[in-house]
Amino acid sequence: CNNWQQQLNNAQVELNKLDSEIEQNTKYLDEAKLSADGCAQSIDEWGNKIETSKNRADDLKDALTAAGLIAALKEVAEGFKECADSSIEFESAMAGVAKTTDLSEVELQGMASEIKRLSTEIPVTTTELAGIVESAGQLGIAKEDLLSFATVMANLGVSTNLTAEAAATMLARFANVTGMAPANYERLGSVIVDLGNHFATTESEIVTMGQRLAATGKLAGMTEPEIMALAAAMSSVGIEAEAGGTAMTQTMTAIEKAVSSGSDNLTKFAEISGMSAEQFSETWKNDPIVAIQAFIEGLGELDAKGESATLMLDEMGLSGVRQGNMLKSLATASGLLSSAVGTANKAWEQNTALMKEASTRYETTESKVTMAKNSFNNLKIAIGDHFTPAIGKAADGINKANTAMATFVERDKVVIPILTGVVAGFGALAAAVAGYTAA
């Protein structure tokens, strides 16, 4: 019996251990369940965050796409405006050409095409070239010579210190006075460039002085290159155009009177020049620049002979301060006038100095960039030409509507407050749109 009781006690102990272990396992299971629920919750939260991030990414993508679209639309609008502006600017420039020339509609279109082509060959904009052509028409250049004239003046503007507009005005007037043929504009340009390169003067000073000497020089029988050579020699010794032009005109007038009248002054001119009166008279009639050269060089030699150039000029009535200073300044620069005449005549004959100088300028990077910009501008003009008619019609419509509205308001002042509000509303709307677009 005791043995059975002992076994029963042992079984109870084992049962108690089993209950304890089951309770512990149940606790573990509960903990595991809680962990699993937490994990599931974490997974759900992570999934929600991913979805939220995806939504935000989609929103960001949409925003970026919208911003890109707005930026693209802005670029298109700006490009449209640039094309329209270029077309309108060139149209206005060609209107100036039409105003001063007698070109027909077809000829005007051809001129526009030639101007655009020329802007890709020389670094001068279409607007500037059209301005030169407009000036040429105003100055009386024949329509068949307009483009060649503009080309020469543009080349002078690029390769000298003259602007194309100033060159056009002064040289057209010079040609009108001397009767120079239009075909010789490039030769004259070569003379000016070569003289500017070889003497202590500038092209602008040469042309300004030459314009003042043109009338008297032509009357005396001097050629265009000889007049410019005299201008270069005078400006090289510091003689200003206004004073020097007047002084030289007075001198040549005095020589002409002496030769025509055969007065005592003819003998004095001849003696100073190292000639007889008859030789000097013939030289003046046939080659006046040589007579002037001989007289000026003779003046320079008087002091070496123990004579006074100042007293001699006084005796001849050439005693004006400007006249005396001019002649003595030239006389001190022995051989200057002769050298200038030689240079000018050679440049006129060869007719290469202007193009050579201009071509050198055109090979620079700056000139090439300018010509590239000009070609791009021509593209914008071509595109803009398709828009400008519509823009013009729209502007006409707006003008008519505004005029009608103004007339209506003048008749019925009661609507002023209403229209003021409408205008203010449109203004606020425009400002809001502009602000949104800028943002």
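Colleague: Which residues of α10 are exposed on its other side?

Modeller: Asp-264 and Glu-271. Exposed means over 50% relative accessible area, buried under 20%, and partly exposed in between (1.4 Å probe, protein chains only). This is a predicted model, where local features need pLDDT of at least 70, side-chain atom pairs count only at pLDDT 80 or more, and totals for chains, interfaces and linings use all residues. Residues are numbered from 1 along each chain as its sequence is written, and side-chain values use heavy atoms, with hydrogens and water left out.

Colleague: And which residues of α10 are buried?

Modeller: Leu-266, Phe-269, Ala-270, Ile-272 and Ser-273, in a helix that covers residues 264-273. They sit on the same side of α10, because they cover an arc of only 165° around the axis. The arc is taken from the directions from the helix axis to the C-beta atoms. Helices here are DSSP runs of H or I with at least four residues, strands are runs of E with at least two, and both are numbered from the N terminus.

Colleague: What do the buried residues of α10 pack against?

Modeller: Four helices: α9 (241-261), α11 (277-286), α12 (288-302) and α13 (309-315). Contact means heavy atoms within 4.5 Å.

Colleague: What follows α10?

Modeller: Gly-274, with a positive phi near 75°.

Colleague: Switching to rings. How many aromatic pairs does the structure hold?

Modeller: Three. Rings of Phe, Tyr and Trp (its six-membered ring) pair if their centres lie within 6.5 Å; planes under 30 degrees apart count as stacked, over 60 as edge-to-face, and the rest as tilted.

Colleague: How do Phe-149 and Tyr-185 pair, centre to centre and between the planes?

Modeller: Edge-to-face, at 4.9 Å centre to centre and 80° between the planes. Phe-149 lies in helix α4 and Tyr-185 in helix α6 (residues 185-198), so this pair ties together parts that are 36 residues apart in sequence.

Colleague: Is Phe-149 buried or exposed? And Tyr-185, buried or exposed?

Modeller: Phe-149 is buried, at 1% relative accessibility. Tyr-185 is buried too, at 5%.

Colleague: Back to α10, then. How do Phe-269 and Phe-280 pair?

Modeller: They are stacked, 5.9 Å centre to centre with 5° between the planes. Phe-269 is in helix α10 and Phe-280 in helix α11, so the pair ties together parts eleven residues apart in sequence. Both residues are buried.

Colleague: Which cluster do the ring pairs make there?

Modeller: Ring pairs link Phe-269, Phe-280 and Phe-295.

Colleague: Now charges. How many salt bridges by the rule?

Modeller: Five. The rule asks for a side-chain nitrogen of Lys or Arg within 4 Å of a carboxyl oxygen of Asp or Glu.

Colleague: What does Lys-143 form a salt bridge with?

Modeller: Glu-107, with the closest N and O atoms 3.2 Å apart. That pair links distant parts of the chain, 36 residues apart: Lys-143 is in the loop between α3 (126-138) and α4 (146-159), and Glu-107 is in helix α2 (residues 105-119).

Colleague: How much relative accessible area does Lys-143 have? And Glu-107?

Modeller: Lys-143 is partly exposed at 35%. Glu-107 is partly exposed at 33%.

Colleague: And what about Glu-121, which residue does it form a salt bridge with?

Modeller: Arg-117, with the closest N and O atoms 2.8 Å apart. Glu-121 is partly exposed, with a relative accessible area of 42%. Arg-117 is partly exposed as well, at 33%.

Colleague: What about Glu-363, where does its side chain meet another in a salt bridge?

Modeller: At Lys-368, 3.7 Å from N to O. Glu-363 is exposed, with a relative accessible area of 56%. Lys-368 is partly exposed, at 45%.

Colleague: Which residues do shared partners join into one network?

Modeller: Glu-114, Arg-117 and Glu-121, through salt bridges.

Colleague: One more topic. Where does Ser-235 lie?

Modeller: In helix α8 (residues 224-236). Ser-235 is buried, with a relative accessible area of 7%.

Colleague: What is Ser-235 in contact with, leaving aside neighbours within four places in sequence?

Modeller: Ala-200, Thr-201, Glu-205, Ile-206 and Met-209.
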